[in-house]
Amino acid sequence: MTYKIAVIAGDGIGPEVVDEGLKVLRCVADMEGFNFETKDYPWGAEHYLKTGETHPESAYSEYREMDAILLGAIGDPRIEVGLLEREIIAGVRFTLDLFVNLRPIKCMADHICPIKNKKASDIDMVVVRENTEGAYSQVGGIFKKGTKEEVAIAEMIYTRHGVERVIRYAYELAMTRPRKQLTLCDKANAIRPQDLWTRVFEEVGKEYPEITTDHAYVDAACMWMIKNPEAFDTVVTTNLFGDIITDLGSVLQGGMGVAASGNINPSGVSMFEPIHGSAPKYKGQNKANPIATVAAVAMLLDHLGETSSARKIEAAIEHLIVSKEIPDLSSRSGLKTSEIGDMICETLKK
Ligand code: IPM
Ligand code: MN
């Protein structure tokens, strides 16, 4: 079996963390006896500055022929705010209809748990973030820009189809987890059209009587995630709220250096990426923690059905954190990006 993987290494620290992700992928592929080939795509700031192109349409038909996409990071201070992020990250999410953004939040060791009187086992949740609509719809604009009458409109769009499919995905996911618990996170008290989420959640829930359901307004969810993180197992939420609460969640699991995500279309090609950004100030310094990207590779393998490889990578990361061989998960650990990749490979082979 030879998997075809599209690689968008991107900007800033993207290329260096992606190198380590691919190093670990090579290592586990050799151990487990599957093969893969990669195709590199140059999208990002350098490519844009050279050619004026952000992300060509033509790449989509190529991705569709492949098994998965691995993305590093996109964003560069030299370029207009949000242009590359919108056209590359959001572009791929929307065009390939990657309607689930799956973001596990699991703390692997007590000593990295940032909350007083909580332990690692209290933090084990997964956020199912809607990924193709909501506040990211790009519907809106600015009227009378620069004048005193200026009006800025940004619409949040929720479709019955979009809400139902992501909620159904979350129920299915909750069924596979031991606690069988699903929390809807919204702000339907203030944003009344989010009542669509309330109703669909309840309606679809009738098909899953085994699941215990719960609800948290997003502001309260932020409070509970710190105060009582053990209250959460599977969480389903809107695009914007999912974006926000998973940055909070990344700190619960040890920081942006370890938080991974999958942009998933259950019946098409999916894209996997670290949650962190391009961190331009660390670019080329071999300092960034590649664990988030390696964990994204594990999610990618899980998605391809290579579950034993995925579990092995996760176990290797967990071992290195628990044993404190990787003592610090930030970019100040003193360990080089490439050293961490090597350590994960060596641990895999043990
Ligand atoms: C993320 C990022 C993106 C988002 C940005 C870069 C557009 O923050 O993947 O969480 O908001 O979705
Ligand atoms: Mn984000």
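The model is predicted, so local features need pLDDT of at least 70 and side-chain atom pairs count only at pLDDT 80 or more, while totals for chains, interfaces and linings use all residues. Residues are numbered from 1 along each chain as its sequence is written, chains are lettered from A and ligands numbered from 1 in the order in which they are written, and side-chain values use heavy atoms, without hydrogens and water.

Next, show what surrounds Thr293: apart from neighbours within four places in sequence, Thr293 is in contact with Val17, Val18, Gly21, Pro274 and His276, contact meaning heavy atoms within 4.5 Å.

H9 lies across E1, E3, E4, E11 and E12, and runs at about 160 degrees to E12, with axes fitted to C-alpha atoms, for helices over the stretch in contact, and angles running from 0 to 180 degrees between N-to-C directions.

Now colour the open sheet of 10 strands, ordered E2-E1-E3-E12-E11-E4-E5-E10-E8-E9 with mixed pairing, where two strands pair if DSSP finds at least two bridges between them. Its edge strands are E2 (35-41) and E9 (212-217).

Finally, select E4 (residues 100-106) and E11 (residues 260-264), which run antiparallel and are joined by three bridges; here Asn101 stands opposite Asn263 in E11.

Methods. Helix = DSSP H or I, 4+ residues; strand = E, 2+ residues; numbered from the N terminus.
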